[in-house]
Amino acid sequence: MNPGVHNPLQVELGQCVRPDRELVEVAAGASTNIIAVAEGMGGHGCGWLGARRVVHAVVAARGDAAVPPTFVGAASERYLPEARRRWFGAHANVEVEALPLDLAEAFVTLARKALSVPMPAGPPLTLAVGCIAITLDGVRVYGAHAGPGRAVVLRRGSTRPEELVGPQLVEGLPFEVVANAIGMLASSGRAVERFETALAAGDVLLASSRPLAVDDTDFLALVDAHVDAPLAALARAIESRVGDARSGGDAAFTLVRCVVLEP
C-alpha cells in the first residue's frame, strides 16, 4: 500500500518461514486501512486454517472493496496444503457479516463465527488463533491483541523500541504457554489488549505474530539503514536477518512506515 494525499502510511508484509515448511500456521494481510497478523494454535493440525480465517475476515471487513488486499503465509494461496486442497477449498474462508468496528469486540465475534469448523463426524472443531489487528487512520494507529504476538514502534534516533503489546503468556513456567487468544477469550480470564499511538515521519511500526529472533538494536539499525529504501527492502532485510538467526518458530509480520506528516 502506497501513501497518498490522505494516507501518509506505507505497508509491507513479510514472513519468516523455514524453506522446507509444508504447512504454515502464520498469516498476515493488509488492505487500505487495516492490517492483521495471526498465528494458529492447536486444532489438530489446523492452525493454518484458523490463522487464514481470522486474517481474511478482519481485512475483508475493514478494507476498501475497490482495492484488492494482499496476504502472505496461510492467508495466501502459496502454502495451500496439497493433500488438503479439496477440504481447504470448502472450509478455508467464512463470511463474517457485521464485524464490530471496535477491534476488541470484533475478536469476540470472530471467536463465535470464524473458529468453529464442522467435521464429518462428531462435534465441530474449535480453533484458537493469536492475532494483532491494527486500524490505520492518518498518522494514528489503533490496535487489538490477543495471543503470542508483539507490536513495537521503531522510531528513528531512538535507542529502544516503543513497546505497544507483547506476548500474553502463562507466568511462572520454564517454557512458553500462550495464555490468551481468539477462541480462548471466554476461558482465559485475560482481556483483549487495546493500544494506540501516533507515527511521525520515518517511524516504522512492526507487528509480528510472535517476537522475531532479532535484537531490538538490530531492528533499529535496519530501519536507519533503509530510511531511503523501499519498505519492501526493509521487509526482505528483516526476513534475511531472522533466517540467519533462526531460533524461534515461524512468524508473519507487517511493517507500517510513516512518510508524510498530516498538515
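Is Gly-47 buried or exposed? Gly-47, which lies in helix α1, turns out to be buried, with a relative accessible area of 2%; buried here means under 20% relative accessible area, exposed over 50%, and partly exposed in between, using a 1.4 Å probe and protein chains only. The C-alpha atom of Gly-47 sits 7.6 Å from that of Ala-128, although 81 residues separate the two along the chain.

A word on the model: it is predicted, so local features need pLDDT of at least 70 and side-chain atom pairs count only at pLDDT 80 or more, while totals for chains, interfaces and linings use all residues. Residues are numbered from 1 along each chain as its sequence is written, and side-chain values use heavy atoms, with hydrogens and water left out.

Next comes helix α3 (residues 103–113), with Leu-103, Ala-104, Ala-106, Phe-107, Thr-109 and Leu-110 as its buried residues. Helices (H or I, at least four residues) and strands (E, at least two) are DSSP runs, numbered from the N terminus. The cover over these buried residues includes β3 (34–41), α1 (47–62), β7 (128–137), β8 (140–146), α4 (185–188) and β11 (193–198). Where α3 starts, a side-chain oxygen of Asp-102 comes within 3.1 Å of the backbone nitrogen of Ala-104.

Phe-107 also shows up in the largest nonpolar core, a set of 35 residues in which Val-54, Phe-107 and Leu-110 touch the most other members. Such a core is a set of buried Ala, Val, Leu, Ile, Met, Phe, Trp, Tyr and Cys residues joined through side-chain atoms within 4.5 Å. Two or more residues each come from β3, α1, α3, β7 and β8, with α1 giving the largest share, 8 residues. Beyond its neighbours within four places in sequence, Phe-107 is in contact (heavy atoms within 4.5 Å) with residues including Cys-131, Ala-144, Ile-182 and Val-192. Another core, of 27 residues, lies apart from this one and has Val-17, Ile-134, Leu-205 and Cys-258 among its members.

Then there is an open sheet of 5 strands, ordered β1-β13-β12-β9-β10 with antiparallel pairing; two strands pair if DSSP finds at least two bridges between them. At the edges are β1 (9–16) and β10 (162–165), each pairing on one side only. Strand β1 runs antiparallel to β13 (residues 251–258), and 8 bridges join them. Cys-258 in β13 is the bridge partner of Leu-9.

Definitions and conventions:
A polar contact is a pair of N or O atoms within 3.5 Å; within protein, one must be able to donate a hydrogen and the other to accept it, and residues adjacent in sequence count only if both atoms are side-chain atoms.
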